[in-house]
Amino acid sequence: MTTLKERITEDMKAAMRAKDAERLGAIRMLTAAIKQKEVDERIALDDAGVVGIVDKLLKQRKDSIEAFEKASRQDLADKEKAEVAVLQAYLPARLSPDEIAAEVRAIVAETGAKGPADMGKVMAAAKSRLAGKAEMGQVSAAVKAALAG
């Protein structure tokens, strides 16, 4: 079983051999972000940490795509979309909205949360349990719904 960082390195080597410049650029950007985080915090990232970085980069790419499309720069939006496709390959399978809601209900029960005032406590537990498995925006919406009703 190889780690996610090892898989990324192997994919980078394969992209170099195939002379796939777009894929290689996206993978190099990802490895640079991983190394930056490791150097800044003086840690070695595990798979969960790498998934967190991939999530962050995907969010940045999606924001950029939106901005480029508003500015009528389809060429740049297409480049960002290609990077999104490369980055998504490194994420684990995402949970469906129903699965997210079920996990959130379980977390609410475990933490003993009663209402909207307990949102921070529930989100902290949800972040640790669902990191990389679900987009945090969806998790936040599910938590709000569970605490409101």
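Helices are DSSP runs (H or I, at least four residues), numbered from the N terminus.

This is a predicted model, in which local features need pLDDT of at least 70 and side-chain atom pairs count only at pLDDT 80 or more, while totals for chains, interfaces and linings use all residues. Residues are numbered from 1 along each chain as its sequence is written, and side-chain values use heavy atoms, with hydrogens and water left out.

Now show the side chains of I100, V104, I107 and V108, which are the buried residues of α5. Seen down the axis of α5, these residues fall within an arc of 100° (taken from the directions from the helix axis to the C-beta atoms), so they line one face of the helix. Turn to the other side of α5, where D98, R105, A109 and E110 are exposed.

Next, select S140 in helix α7, which is buried, with a relative accessible area of 18%. Leaving aside neighbours within four places in sequence, S140 is in contact with M119 and M123.

Finally, go to A134 in the loop between α6 and α7, a residue that counts as buried at 2% relative accessibility. Leaving aside neighbours within four places in sequence, A134 is in contact with R94, I100 and V139.

Key:
Buried < 20%, exposed > 50% of the residue type's maximum accessible area, 1.4 Å probe, protein only. Helix = DSSP H or I, 4+ residues; strand = E, 2+ residues; numbered from the N terminus. Contact = heavy atoms within 4.5 Å.
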